[in-house]
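Hi everyone, thanks for coming.

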Amino acid sequence: MKARQIKDNIFWVGAVDWDRRLFDDLIPLPDGTSYNAYLIQGSEKTALIDTVEPEMSHILLSRLENLGVERIDYVISNHAEPDHSGTIPQILAQHPQAQVVCTPKCKNMLLDMGLASEDRFLTVEDGETLSLGNKTLEFIHTPWVHWPETMSTYLQEEKILFSCDFLGSHLASTDLYVTDEGQVYEAAKRYYAEIMMPFRKIIQKNLKKVQEYEISLIAPSHGPIYDRPEFILDAYHDWVHSEPKNIVVLPYVSMHGSTRKMVEYLVDALIEKGVTVKLFNLTVTDIGELAMALVDAATIVIGSPTVLTGAHPGAVYAAYLANILRPKAKFVSIVGSYGWGGKMVQQLAVLIPNLKVEIIDPVVIKGRPKAEDFDALDALAASIAEKHKTLGE
Ligand code: FEO
């Protein structure tokens, strides 16, 4: 397999994973992904920025071999997660002089995972530089994108930002650069929603920090390279800074149709009030789609029947997911039905302590919805619409 040239003495040497459909055994990847690694040959030293998923080590090694790389002096590890660090052991074995360059926190993680021995590390502080001769790497600590140890690497002479997961997208492609911004926007937003959104506040700081640099290319470690950096920087700016929008995200489960009937009625009532609704039947939902919808929504309404005296496990999953993703929603409510009793509302409410939201009175009914229940749903829709008018104030 061949390396792909980006600029003089700068190469993409990563692996494209067309088959991958799940990450962390949790996150759906409908479009596969790539594990990008980059080789930078300076006049005196050579650096490899990130490696690849261990199952694809042979691809990285083959690209380096075909390029005739005889010596690697530094392996820059921007992030300790195995999809980027997993091939460090093979690189260190082939290049006994190579040092692993990373943040102090990353060093401890790589040691914990047994990927390098203590004597192979060179830790770098925020803003520190490393000369490769005629090329200079600057290390920018960008923590919590999405682990605490993460950093970005800036190649000063060429103005390339190697951002690892930060600003990346899960997208398998033969295109080295972004060719379809619409497609990459969706993939990057999905990725942001699934792992970056909980760290929105610190990402605001990281974004400001990298935007102080003049950037010609952003080369992430997943997905295509951005040759129009403002495209992804502007998208991130919107996701982390903008007020939530006039949108209700409505994940629901229904066992015998009562909750579904309530949900369908509520959707219509919200439409009439001018509110956009994104509806997710949790029995068929791709949770990546749900996560993406949570990026912009002002309100989350969870729909659940009562099963075995409590909330449906599908609704519990959605509430738990929303809680860990910490979206910027401002309002939450619950709708659903029960046969004879139960603690569905209480169970769901305790699952969302991370959400800084106002709870709008739930609508929980006995059996099939009746006239007064539809009135209550109309009132809920009116209340949501009124509260959305305060957005941006
Ligand atoms: Fe692509 Fe957090 O690993």
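Let me begin with a definition: two strands pair if DSSP finds at least two bridges between them. Strands here are DSSP runs of E with at least two residues, helices are runs of H or I with at least four, and both are numbered from the N terminus. Please keep in mind that this is a predicted model, where local features need pLDDT of at least 70, side-chain atom pairs count only at pLDDT 80 or more, and totals for chains, interfaces and linings use all residues. Residues are numbered from 1 along each chain as its sequence is written, and side-chain values use heavy atoms, leaving out hydrogens and water.

So, what does S8 pair with? Strand S7, residues 38–41, runs antiparallel to S8 with four bridges, and Gln-41 has Thr-46 as its bridge partner. Four residues sit between S7 and S8 in this hairpin. Strand S9, residues 74–76, is parallel to S8 and joined by three bridges, with Ile-49 opposite Ile-76.

Now to Thr-51, in the loop between S8 (46–49) and helix H1 (57–67). Is Thr-51 buried or exposed? Thr-51 counts as buried because its relative accessibility is 0%, the cut-off being under 20% relative accessible area with a 1.4 Å probe, protein chains only.

For polar contacts, we take N or O pairs within 3.5 Å; within protein, one atom must be able to donate a hydrogen and the other to accept it, and sequence neighbours count only if both atoms are side-chain atoms. The Thr-51 side chain reaches the backbone oxygen of His-84 at 2.6 Å, and one of its polar atoms lies 3.1 Å from the backbone nitrogen of Thr-87.

Conventions
Buried < 20%, exposed > 50% of the residue type's maximum accessible area, 1.4 Å probe, protein only.
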